[in-house]
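Thanks for making the time this morning. I would like to go through one structure with you, taking the core, a pair of helices and then some backbone details in turn.

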Amino acid sequence: MTSGKIEEIKLQAGKDLDCVKSLQELELFRIKYLGKNGLLTELLKSLRNIDPSQRPAFGQAVNLAKKEIESKLTEKKVEFENQVLTKKLSEKEIDITLPGKRIPRGKKHPITVVMEDLVKIFRRLGFDIAEGPDVETEYYNFEALNIPKYHPSRDMWATFWLENGLLLRTHTSPVQIRIMEKKEPPLAFVVPGRVYRRDDDITHSAVFHQLEGLMVDLDITFGNLKGVLTAFLHAVFGKDKKVRFRPSYFPFTEPSAEVDVECSSCNGKGCRLCKNTGWLEILGAGMVDPNVFGYVDIDPEKYSGFAFGLGVERIAMIKYGIDDIRLFYENDLKFLRQF
Ligand code: DAH
């Protein structure tokens, strides 16, 4: 074996490459010279028969030849590929004016839209937003809201209990406690969130959404509660709607009220939606009970506050005239596309 052999192969390769006319022929060329049994590969294999003193020089020379051939091959390959592409482009014209495939666009769920609208109204009134966990402890969901263990008022909430005294929150009220534990008054927060109850029929769902509100400061009165909630209800249902406050009971507020708005369907005359009362019950509310302040170390002699809670699905049902709450969760596109 001599370096003459290498030169010979290189020369032959150059001639062969000039005759190559297609990508397929180029592949045959590659196999002939660089393949597993190709000429150059064979040459490298023959190294072992060479005088050891000449091996390094010879090996280097073969590898150099190999690189040269490889780079020429790559050049040729790119050339062919470009030819193929140019040919394709000239034969098949692409009509760039054809309309593309329409990608279906998702949109917000009606409950999300209503929730965002409600939150927006309170933001305009100066409220901040807070959130809390769906899995709660008994302490936050009940105890600190002045609902002791074994007290009959716990029956107001059909609770999903988990292990170790944990539960799925039955209302967003526990977030009131979490806010007051962390922050000093003045406080003005709304809390959007998902809540859970062992309940379901055409107006109740085991999972639904509430918006909670809390305002605590010096000299907050029932008048402030009435003012804020009236402004809110007028923003949602229209300024012409009457609003009324009825005495009620919640363990965490004293006094407590339920807030009704004039029926949006019959304007107070009485219909199926308002069960002939002329009124729609929208909110639970009241002045924060001093016992609740006791759990979060806020001095009830110095501060006072009001709180409220409402069901988002209920407002959405009234707003859109939907009589079955389950429609919101069935993911029927024919239903959802109407919003
Ligand atoms: N948490 C109550 C419920 O789920 C609603 C409620 C009533 C919240 C009065 C309040 C409130 O903050 O003051 O039934």
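In this predicted model, the largest nonpolar core holds 44 residues, and the members that touch the most others within it are Leu118, Phe127, Phe232, Ile282, Leu283, Phe306 and Phe308. If we take Phe306 from that group and leave aside residues up to four places away in sequence, its contacts include Phe127, Leu214, Met215, Ile220, Leu225 and Val228, together with Met287 and Val288. The list for Phe306 also includes Gly213, Thr221, Asn224 and Gly286. As general background, nonpolar side chains in soluble globular proteins tend to be buried together.

Let me turn to the helix pair. Helix α5, residues 110–124, and helix α8, residues 222–237, have axes that come within 10 Å of each other and cross at roughly 135°. That angle makes α5 oblique to α8, and the crossing in which α5 passes α8 is right-handed. Which residues of α5 and α8 make the contact? From α5 they are Leu118, Ile121 and Phe122, and from α8 they are Val228, Phe232, Ala235 and Val236. By class, the residues of this contact divide into 7 nonpolar, with no polar and no charged ones.

Now the backbone, beginning with the cis peptide bonds. One of them joins Pro185 and Pro186, with omega at about 5°, and Pro186 sits in the loop between α7, residues 174–182, and β4, residues 187–196. The bond from Glu254 to Pro255 is likewise cis, with omega near -5°, but here Pro255 belongs to a strand, namely β7, residues 253–262.

Finally, there are positive phi values to consider in residues other than glycine. Asn276, which is not a glycine, has a positive phi of about 60°, and Asn276 lies in the loop between β7 and β8, the latter spanning 279–288. Is Asn276 buried or exposed? With a relative accessible area of 61%, Asn276 is exposed. Asn331 likewise has a positive phi, near 55°, and is found in the loop between α10, residues 312–320, and α11, residues 333–336. Asn331 is exposed as well, its relative accessible area being 54%.

How values were computed
Residues are numbered from 1 along each chain as its sequence is written. This is a predicted model: local features need pLDDT of at least 70, side-chain atom pairs count only at pLDDT 80 or more; totals for chains, interfaces and linings use all residues. Side-chain values use heavy atoms; hydrogens and water are left out. Axes are lines fitted to C-alpha atoms, for helices over the stretch in contact, and angles run from 0 to 180 degrees between N-to-C directions. Helices (H or I, at least four residues) and strands (E, at least two) are DSSP runs, numbered from the N terminus. Angles under 35 degrees count as roughly parallel, over 145 as roughly antiparallel, 65 to 115 as roughly perpendicular and the rest as oblique. A crossing is left-handed if the near helix is turned anticlockwise from the far one by less than a right angle, and right-handed if clockwise. Contact means heavy atoms within 4.5 Å. Ala, Val, Leu, Ile, Met, Phe, Trp, Tyr, Cys and Pro count as nonpolar, Asp, Glu, Lys and Arg as charged, and the others, Gly among them, as polar. A nonpolar core is a set of buried Ala, Val, Leu, Ile, Met, Phe, Trp, Tyr and Cys residues joined through side-chain atoms within 4.5 Å. Buried means under 20% relative accessible area, exposed over 50%, partly exposed in between (1.4 Å probe, protein chains only).
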